[in-house]
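Work through the exercises below with the coordinates open. Try each task before reading its solution.

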Amino acid sequence: MIPVIILTIEDDDRRASYAEAYVRYSRHLIAVASCILYKKGHNDSGDQSLAEDVVHEAFKYVIEKDCLPEKIDQAKPFLTTIVKNMAINAVRKNSHLS
């Protein structure tokens with residue numbers, strides 16, 4: 001399911017490119033975020049919701065900055081880096097709260 005933030009983009013071409021990137025790479029990105037969260041001990045129950053939240057926040061960030069690469073093949077490493085950083089930030093944030 002495509003996040004609502006992508007559906008709110010007014011430009012059809014831009015919305016289509018973000019939707020395509022999400023459909024193509026969301027499983028990979030959720031797996032990356034889940035792996036980082038699991039290694040750090042914050043996702044040991046196997047719950048994917050925090051990993052999905054990280055991926056949605058990454059897409060929100062990229063949409064706000066309008067910085068998705070034009071070529072869809074270049075989007076995967078770009079998005080992976082952003083998701084990794086946001087997952088690490090989520091771990092840090094959770095460790096400060098507990």
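**Exercise 1. Find the partner of aspartate 73 and trace the salt bridges from there.**

Step 1. Aspartate 73 and arginine 24 form a salt bridge through their side chains, at 3.4 Å from N to O. The criterion is a side-chain nitrogen of Lys or Arg within 4 Å of a carboxyl oxygen of Asp or Glu.

Step 2. Helices are DSSP runs of H or I with at least four residues, strands are runs of E with at least two, and both are numbered from the N terminus.

Step 3. Glutamate 20 meets arginine 24 in a salt bridge of 3.2 Å, N to O. These two are 4 residues apart in helix α2, which means a separation of about one helical turn.

Step 4. Aspartate 73 is exposed at 59% relative accessible area. Arginine 24, at 43%, is partly exposed, and so is glutamate 20, at 37%. The classes are buried under 20% relative accessible area, exposed over 50%, and partly exposed in between (1.4 Å probe, protein chains only).

A note on the model: it is predicted, local features need pLDDT of at least 70, side-chain atom pairs count only at pLDDT 80 or more, and totals for chains, interfaces and linings use all residues. Residues are numbered from 1 along each chain as its sequence is written, and side-chain values use heavy atoms, leaving out hydrogens and water.

**Exercise 2. Does the span of α3 agree or disagree with its residue count?**

Step 1. Take the expected span as 1.5 Å times one less than the number of residues. For the 17 residues of α3 this gives 24 Å.

Step 2. The end C-alpha atoms are 24 Å apart, so the two agree.

Step 3. List the buried residues. In α3 they are Ala51, Val54, Val55, Ala58, Phe59, Val62 and Ile63.

Step 4. Relate Ala51 to helix α4. Methionine 86 is in α4. Its C-alpha atom is 9.9 Å from that of alanine 51, though 35 residues separate them along the chain. Methionine 86 is partly exposed, at 23%.

**Exercise 3. Which secondary structure elements does the chain have, and what share of its residues is buried?**

Step 1. Count the elements. The protein chain has 4 helices and 0 strands.

Step 2. Write the order. Along the sequence the pattern is α-α-α-α.

Step 3. Take the buried share. It is 36% of the 98 residues.
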